Every structure is written in structure tokens, then in C-alpha cells.
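Here's a quick briefing on pockets and charge pairs, with the sequence and model to look at alongside.

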Amino acid sequence: MFARFNFPLRFTNRGYRMRILFTGGSGKAGRHATAYLRDQGHRVTNLDWVTSDVPGITTLKTDLTDAGQVFNACHAYAGFDELEPGTGVPRYDAIVHFAAIPAILHRPDNETYSINTLSTYNVLDAATKLGIPKVIFASSETTYGVCFADGEKKPDYLPIDEEHPTVPEDSYAMSKVVNEVTARSFQARSGIDIYGLRINNVIEPHEYRQDFPTYLEDPALRRRNIFAYIDARDLGQMVDCCLKTDGLGYQVFNVANHDLSVGLTNAQVIERFYAGVPIKHEMGEFETFYSIEKARRLVGFEPRHTWRDELAP
């Protein structure tokens, strides 16, 4: 049984709750997560090639595959106001690392693997050497080998939890598995908190009415995502939960909403798509097959959004 430690967030850096360096904050998931963290009172600096259009988020354009740029960015002022006290550069309280080539077929496979693994190594290396006490990094549902499989691959059991084998066959998911191993080693070396988020398919608010009617008509479209999803706003909440929870060392967490992304019941999905797959424990009628019990138990994550509410008349 893991111990859970929730400590009150300290107010630092001229009134901000935490000073956070967020990589990839201009991307689909990052835009919503940084906005959520801003709304919680954190100061967020975005490291990305593209300037963030989220109000209140500053961007420092950085090549994360360049170790020198990453190290420098991790020890830089977040704004001109930080020059005023005359006490030097404040230390970041945490790094949230979301930047990556987001899937296969965006770049050649070797480039996807190289960029994703090297950038993560550079972020973890800089964080530990600079004494930044927490890193939260984006891993992926793809680590379980289902999403980008050649042909159909079924889970070893249901629901998929963090103990499920991670033996993918594609370059993107391989890079995420390597990043998890790298993070575990840096945590063992440094003793800081490093939490990996195995994020499911990220859904922005406008995508419910745009895409989900099609999913309701053809549930098979959601097979590769294990019939799960994560609302972009709830992903921001998960990051904040991890920022608030100290002392867990190295952990990985599945991140998804609590319900299925299709209109079928649990039993109907099993009958149509998972016949013969072992069931570890009884599940609710519409409960996700992508278990989030660990995140609920250890960091207090509780998704608030659902496609059923979003599509309600």
C-alpha cells in the first residue's frame, strides 16, 4: 500500500502558489493544462517552439533536444518582474514535461524516438542537477501496445492498470517506455518526486459535438484507445493534483475519465471486442477499461467532465 502525502501549497515568488516550467504548453493538451494551472494561481513558463496563445502564459522558445538550452531555460528568469528583488534567479518548484512528437506518422520513426527520448533525458538531467524537487512527465496509453499495433491487439486483462505489461512495437510508444525507465533511474539517483502520466486520448471541449456522435454510431473507432478518453480540462486537474502531492517518489498513473467513450455498456463492449480477455474485477456498467483507481487513491484525482454531459440537450 502506498502512502499518500498532501501538503499545503506554499506561496512563493511574489504571491504565486508555485513557479512551474511547462514544456509543450502550446500543444493540444498543454494549452488546456497550462490554463488550468494558471487559474489555480501558479506562475507558468512555457518551453516550446511555438508561442502560447493562452493569456497569462509566457513562452521561452527552446529546443529541448539541446541540453544546453534546456539547462539554461531551467535556470532563467520567468519575467522582468523577477529582476526587481535583486536576489537572483528563483528556482522553479516543478517541471511539467509534455513536449514530444505526439504520435507515429508525424516524423520518421527514428526521429520520433530520438526526439522524445533525448528531450526527456535533458529535462530530467537539468531538473536533478539544479535541485528542482518535482518533475511530472507525459507518458502514454500507447505504452500498453494496443493503440498503434499492427492489426488488432487485445489487452492481457481488463481493466488495464499500471501493472499491465508495456511491450509496444511502435517508435512512439517505445520512446515513452524508455522515458519511464529513464525517469525511474533519475528518481533513484536524486530522491526527488517524478510522476509519469500515461495519458489517454485527449479530448478538447469542442470535440465532443464534433466527434462523439460518430463514436456512438461506430464504437469500433474507439478500440485502439481502449474505449477511453481524457478531457483536456481534467488532465489539467490531474497535473495540479500531482503538484499538490509530495513524497511518492517515482510513480506512473493512468489518466482518463471515469466512463467509456461509447454508448455501449461494459458488458456489451466485452462481448463485441474483448471476448475471452480475463477480467480482474467487477466493473461498473459504464466504467472505463483504463483504470484510474491508482490516481484516485494516491493523488485525489476525480474527473469532472463527461461526454454525456457535454452532449446533453
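The lining of the second largest pocket comes out as seven charged, two polar and two nonpolar residues. Here Asp, Glu, Lys and Arg count as charged, Ala, Val, Leu, Ile, Met, Phe, Trp, Tyr, Cys and Pro as nonpolar, and the others, Gly among them, as polar. Keep in mind that this is a predicted model, where local features need pLDDT of at least 70, side-chain atom pairs count only at pLDDT 80 or more, and totals for chains, interfaces and linings use all residues. Residues are numbered from 1 along each chain as its sequence is written, and side-chain values use heavy atoms, with hydrogens and water left out.

**Pockets**

- A pocket is an open set of points on a 1 Å grid over the protein atoms alone, with protein on both sides within 12 Å along at least five of seven lines; lining residues have an atom within 4 Å of a point.
- The second largest pocket has a volume of about 180 Å³, a volume being the space filled by probe spheres set on the points, which are joined across faces, edges and corners.
- Its lining has 11 residues, and D161, E162, S291, K294 and R297 lie nearest the centre.
- The largest pocket holds about 940 Å³ of space.
- Its lining takes in 38 residues, with F98, A99, A100, I101 and P102 nearest the centre.
- Helix 1 (28–39), strand 2, helix 3 (109–130), strand 5 (134–140) and helix 4 each give two or more residues to that lining; helices (H or I, at least four residues) and strands (E, at least two) are DSSP runs, numbered from the N terminus.
- By class, the largest pocket's lining has 19 nonpolar, 13 polar and six charged residues.

**Salt bridges**

- There are 17 salt bridges in the structure, each a side-chain nitrogen of Lys or Arg within 4 Å of a carboxyl oxygen of Asp or Glu.
- E180 pairs with R198, with the closest N and O atoms 2.7 Å apart.
- E180 sits in helix 4 (residues 171–190) and R198 in strand 6 (residues 193–199), so this bridge ties together parts 18 residues apart in sequence.
- E180 counts as buried at 6% relative accessibility, and R198 does too at 4% (buried is under 20% relative accessible area, exposed over 50%, partly exposed in between, with a 1.4 Å probe and protein chains only).
- D259 and R308 form another salt bridge, at 2.8 Å between the closest N and O atoms.
- D259 is buried at 4%, while R308 is partly exposed at 28%.

Terms used
On a 1 Å grid over the protein atoms alone, a cavity is a set of points where a 1.4 Å probe fits but cannot get out, and a pocket is an open set with protein on both sides within 12 Å along at least five of seven lines; lining residues have an atom within 4 Å of a point.
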